[in-house]
Amino acid sequence: MERKRFVIIMAAGSGTRMGAGSPKQFLELGGKAILQRTIEVFLEACPGINVVTVLPHDFISWWREYCLDRNFVCPQVLVPGGITRFHSVRNALEKVPDGALVAVHDGVRPLVTPALVRKLFDLAEDKTGVIPVTPCVETLKVLEKKGDDLKIVTGAKADRSILYGAQTPQVFCSEELKGAYSLAYDTSFTDDASVLEKYGKSLSYVMGERLNIKITTPDDLVLAEAVMSMRGN
Ligand code: C5P
């Protein structure tokens, strides 16, 4: 029997790199909050999915009002975020039962396609976790900062052919993810896969989507608008 599906939408960051007044997940993209667009992809991919949205404490009632005003009908459990992304995920996992499949997704990645979301959930049915990645396309340099200058680190090599960028959604068996999140926080935990791997689990890596960008800077917003208009959204 298929496991129940959950998605934890990570939206408790402060988004300072955008330079906007409010966190980037609440900025509008084509007339809707980025966060709403992100959640809608999961509702389209997996109708009936259980949504847990992690928000900055101060924005919980604002988001509730926003959804009412915009007639955005989506049963969501709202959870306050923690000091780091790790602590935010840990808070959200309290709302997820064992025996389910759970995707953890950045609220600022609204361009992921429903097809990729479905594929990751389907693959995760008989795995510990499935992680979307994209190959590195740039030539990489190892540099260090010397005052205002960047200098090459002699002898250090970054071999592009074995380097990939990890994206979200990362989909896991909920009991495995919850077990891993009982570990003490470590600064090397930059995504959920790194927590599971520290916990000793092996994961499956599959191709993600180049356009599944994490909206971080004003340039990303321009790019996201262009992608949406190309897709006719
Ligand atoms: O900071 P970064 O861009 O890596 O954040 C990735 C995602 O994690 C964002 O969607 C952000 O809102 C979320 N986050 C969170 N709680 C934190 C920090 C980040 O939910 N304490």
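Where does N71 lie? N71 sits in the loop between α2, residues 60-69, and β5, residues 76-80. I start there on account of its backbone. This is a predicted model, and in it N71 has a positive phi of about 55 degrees, although N71 is not a glycine. Most residues other than glycine have a negative phi, and most peptide bonds are trans.

The peptide bonds are my next item. T168 and P169 are joined by a cis peptide bond, with omega at about 10 degrees. P169 also belongs to a loop, this one between β10, residues 164-166, and β11, residues 170-173.

Now the ligand. 15 residues surround the ligand, and the closest are M10, A12, G13, G82 and S88. Two of these names come back when we look at individual atom pairs. For G13, a polar backbone atom is 2.8 Å from an oxygen atom of the ligand. For S88, an N or O atom in the side chain is 2.7 Å from a nitrogen atom of the ligand. There is also G107, where a polar backbone atom is 3.4 Å from a ligand oxygen atom.

Last, a pair of helices. Helix α1 covers residues 34-45 and helix α4 covers residues 114-124. Their axes come within 9 Å and cross at roughly 60 degrees, which means that α1 is oblique to α4. The crossing of the two is right-handed.

Which residues make the contact? From α1 they are V41, F42, E44 and A45, and from α4 they are P114, V117 and R118. Sorted by class, the contact of α1 with α4 has 5 nonpolar residues, 2 charged residues and no polar ones.

That is what I have for today.

Technical notes
Residues are numbered from 1 along each chain as its sequence is written. This is a predicted model: local features need pLDDT of at least 70, side-chain atom pairs count only at pLDDT 80 or more; totals for chains, interfaces and linings use all residues. Side-chain values use heavy atoms; hydrogens and water are left out. Axes are lines fitted to C-alpha atoms, for helices over the stretch in contact, and angles run from 0 to 180 degrees between N-to-C directions. Helices (H or I, at least four residues) and strands (E, at least two) are DSSP runs, numbered from the N terminus. Angles under 35 degrees count as roughly parallel, over 145 as roughly antiparallel, 65 to 115 as roughly perpendicular and the rest as oblique. A crossing is left-handed if the near helix is turned anticlockwise from the far one by less than a right angle, and right-handed if clockwise. Contact means heavy atoms within 4.5 Å. Ala, Val, Leu, Ile, Met, Phe, Trp, Tyr, Cys and Pro count as nonpolar, Asp, Glu, Lys and Arg as charged, and the others, Gly among them, as polar. A residue is near a molecule or strand if one of its heavy atoms lies within 4 Å of it. A polar contact is a pair of N or O atoms within 3.5 Å; within protein, one must be able to donate a hydrogen and the other to accept it, and residues adjacent in sequence count only if both atoms are side-chain atoms.
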